[in-house]
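Student: Can you walk me through reading a few features in a structure like this one?

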Amino acid sequence: QVRERLKKEVEAMKEQDPNFRPGLVVLQVGDREDSNLYISMKLKAAAEIGINATHMRLPQTATEDEVLRSIRNVNENSSVHGLIVQLPLDSVHRINTEKVTNAVSPEKDVDGLTSINAGKLARGDLGDCFIPCTPNGCMELIKQTGIPVAGKRAVVIGRSKIVGAPMYDLLLWNHATVTTCHSKTADLAAEVGQADILVTGIGKPEMVKGEWVKKGAIVIDCGINHIPDSTRPSGKRVVGDVHFASAKEQAAFITPVPGGVGPMTVAMLMQNTVLGAKRFLHAHKPGKWNISYTKLNLQRPVPSDIVISRSCVPKPVDNLAREIGLLSSEVELYGTTKAKVQLEAIDRLQAQPDGKYVVVTGITPTPLGEGKSTTTIGLVQALGAHLNFNVFACVRQPSQGPTFGIKGGAAGGGYSQVIPMEEFNLHLTGDIHAITAANNLVAAAIDARMFHEATQSDKALFNRLVPLSGGQRKFSPVQINRLKKLGIEKTDPSTLTEEEITRFARLDIDPESITWQRVLDTNDRFLRKITIGQSPTEKGHTRTAQFDITVASEIMAVLALTSSMEDMRQRLARMVVATSRSGDPITTEDLGVCGALAVLMKDAIKPNLMQTLEGNPVFVHAGPFANIAHGNSSILADKIALKLVGPEGFVVTEAGFGADIGMEKFFNIKCRYSGLRPHVVVLVATVRALKMHGGGPTVTAGMPLPKEYTEENLELVEKGCSNLRKQVENARHFGVPVVVAVNAFKTDSEAELLLICKMAKEAGAFDAVPCTHWADGGAGAVELGKAVQKAAEAPNKFSFLYNTELPIADKIRIIAQKIYGADDIELLPEAQRKVELYTKQGFSNLPICMAKTHLSLSHDAEKKGVPTGFVLPIRDIRASVGAGFLYPLVGTMPTIPGLPTRPCFYDIDLDPVTGEVIGLF
């Protein structure tokens with residue numbers, strides 16, 4: 001009867017949510033035969049009812065810490081509503097059973113054995129605890145007799161916390177007058193003789209005699225004891241604590257052993273599991289995070305970013321991780337406000353459907369930027385804290401170069417920020433430093449290898465590359481890979497011919513072909529061209545080289561585009577650093593350094609978890625340059641976030657620079673490698689940028705805006721909307737709905753904002769919405785959030801702009817003509833040479849990552865609006881083979897910025913008393 005009722009209740013839950021099933025985990029240590037039997041009974045009962053039951057078996061060698069870790073993982077798994085620790089714990093190590101039992105979350109303690117559940121039962125809080133299954137089963141059997149418990153005299157023999165003690169409490173709170181008897185009780189027979197209800201659980205075979213039992217009593221026998229029986233194959237049989245044959249003559253109702261209390265105990269275990277699932281459903285809407293949001297205390301005028309950041313106390317990041325469904329074993333804490341997330345989370349969540357994928361981009365910006373990061377955070381705050389969706393922001397990690405240079409930080413701004421902003425903008429968890437170390441190890445390896453090849457014979461070089469160890473030479477795994485690449489199928493160094501030794505030992509790098517540069521995460525113009533090797537110890541082996549800023553390193557692009565640890569290892573190995581004098585590409589694997597790179601990057605590959613001002617989760621991971629690289633945060637962060645938000649949730653990520661650059665690369669490079677398909681493009685526009693495109697005066701960073709930008713001028717706005725129209729068209733080339741977010745400033749007039757919205761819709765945008773998230777936080781982007789939610793449900797015919805199998809020049813031409821509006825392209829001699837080289841080397845099928853100015857749709861930063869009638873000059877083409885793209889260079893651009901006359905660092909300091917950072921913006 002109980003099981004049939006539970007089966008119907010589970011079916012009712014499934015009707016409420018087809019994806020929901022009550023979950024039960026039975027944790028066993030060791031392999032005891034009796035435990036296996038009990039567990040199989042539980043699993044069978046669960047399957048019959050419709051409970052998703054899992055048997056988690058740990059070996060006999062499991063330690064207490066390992067058991068506790070397994071329990072913690074189950075406690076945090078929202079798909080599990082009941083956890084049983086099968087006792088006894090059959091381990092070769094000493095394990096504290098009490099500690100293990102109490103480690104189970106009270107909300108999942110369907111055995112009812114934790115001190116918290118026992119305490120609640122003792123206090124009479126029966127509706128707010130789990131009642132131990134055997135006593136609960138006994139009560140159910142008593143109730144099935146039809147005899148009321150209230151007012152009856154009950155005797156419980158035994159005081160164990162599994163049966164006796166909770167049975168006493170349960171009878172007491174059902175209004176019986178209860179006596180507990182035990183081994184020290186005087187005249188036990190007399191006590192039993194007064195019982196209207198007798199429950200035994202003392203573990204003494206047939207100790208209670210029939211003549212002790214009161215006529216008409218209810219007898220519930222929980223004892224399981226073995227006595228000799230020569231008639232049985234096993235030589236023994238199971239009996240209870242009560243002499244059944246004589247007691248049944250006295251009792252009105254009596255339970256047999258076996259077959260009495262046992263099956264009901266299993267039924268009560270199932271009932272507790274279903275009850276746990278019901279409580280979970282009541283407290284958590286299916287698919288919704290149980291997340292707390294921070295209420296903003298908006299100030300006027302809006303204070304500085306760092307003042308706002310400091311005014312909001314972040315939630316402990318481990319709390320945030322739990323709120324969004326991460327297990328503690330998947331989270332590595334870096335203090336209280338930031339953490340790394342293990343990639344194992346993807347494997348655990350693999351079956352979870354992805355959420356909606358939104359990319360934030362912008363029109364062609366002014367040098368000041370138009371607030372894409374701020375809009376990204378404001379939209380996330382609106383969707384989460386105000387519209388109650390599961391939502392994640394995924395943003396790039398900023399370089400420290402601009403932070404101390406002219407641009408400042410990149411945590412968003414105003415009341416739409418990632419916090420703490422100083423953590424976000426400075427070292428974070430050290431990913432950029434890891435990239436700097438890895439990149440410069442490659443650079444050191446290149447010059448060292450050329451030096452050693454130039455100063456040693458083939459034999460000496462080989463002997464040092466494959467040194468004697470224990471009297472033998474042995475190739476390392478990375479050297480075996482190089483041999484295979486050369487077509488040498490040998491693993492014994494002594495078997496190589498002289499010609500094979502030469503081919504193996506000499507990379508013969510052409511110094512003029514080296515494309516790999518040293519990097520530093522600092523703006524330093526004097527490192528743009530340097531001479532290395534000037535020390536006498538380098539014996540005259542000098543060459544001209546340069547530094548790039550760290551975020552321009554190919555390793556950063558690899559980090560952003562990788563999909564797993566193994567994929568990263570392979571991409572790092574494929575990175576081409578130079579060409580040999582015979583025209584062959586030289587990779588980091590040829591240099592033997594790729595494994596060391598993977599080691600340096602093993603922590604950097606894990607996304608960094610932070611939060612917005614309003615308490616939404618944010619992944620901050622990877623920050624590739626948006627011109628010579630693709631300018632998007634990592635694929636891994638997006639993938640984990642899409643699983644965590646679930647099918648009704650949203651992941652909002654940002655693409656660097658304008659839609660012609662960051663968005664085009666997001667679609668053609670990032671989405672191509674990730675396999676993810678975006679649902680909505682949010683295109684950020686501002687009145688000031690559109691006025692600039694309409695013919696307004698030059699906008700210069702660090703200088704006051706001319707009055708044309710602070711006074712209403714509808715004519716300039718309308719003319720400038722040509723750029724907005726073109727960028728909407730660019731987004732629609734990919735078949736994705738576009739929502740225009742007009743990032744409003746206090747000097748913008750309502751007429752200007754309404755004009756932009758009108759023209760955006762006429763240009764084909766799904767919707768266009770003014771936003772005030774900088775001043776108002778998520779509340780200022782609620783209408784944008786609603787528009788994005790509707791657009792995500794609209795038809796979507798996503799497609800790439802080009803087929804990667806096309807020739808290199810054709811792919812460049814498609815981007816230039818369709819996205820920039822060029823008439824054609826011109827390949828200058830060096831670019832033409834590279835087309836031929838990369839085609840010969842087998843790299844022609846890589847996607848294209850255009851490196852051009854972000855300040856114009858054309859190659860000329862001075863041409864605003866929508867330039868026409870131009871031919872796009874391609875000066876050079878370079879290959880990021882590990883990352884997986886070719887990047888044509890359009891014009892010249894520094895790959896390490898310089899410092900201005902008055903850098904930001906003038907204002908940055910540390911308060912020696914509080915330890916707080918001062919002056920960041």
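**Strands, surface and a loop**

Tutor: Let's begin with a pairing: strand 1 (residues 23–29) and strand 3 run parallel and are joined by four bridges. Strands are DSSP runs (E, at least two residues), as helices are (H or I, at least four), numbered from the N terminus; two strands pair if DSSP finds at least two bridges between them. This is a predicted model, where local features need pLDDT of at least 70 and side-chain atom pairs pLDDT 80 or more, while totals for chains, interfaces and linings use all residues. Residues are numbered from 1 along each chain as its sequence is written, and side-chain values use heavy atoms, leaving out hydrogens and water.

Student: Which residue stands opposite L27 in strand 3?

Tutor: That's V85.

Student: What is the order of the strands in the open sheet?

Tutor: The order is 2-1-3, three strands with parallel pairing. Strand 2 (52–58) and strand 3 (82–85) are the edge strands, each pairing on one side only.

Student: Is I224 buried or exposed?

Tutor: Buried means under 20% relative accessible area, exposed over 50%, partly exposed in between (1.4 Å probe, protein chains only). I224 counts as exposed because its relative accessibility is 57%. You'll find I224 in the loop between strand 7 (218–221) and strand 8 (225–228).

Student: And where is P511?

Tutor: P511 is in the loop between helix 20 (498–505) and strand 19 (518–520). With a relative accessible area of 31%, P511 is partly exposed.

Student: What does P511 touch?

Tutor: Contact means heavy atoms within 4.5 Å. Not counting residues up to four places away in sequence, P511 touches M450 and R581.
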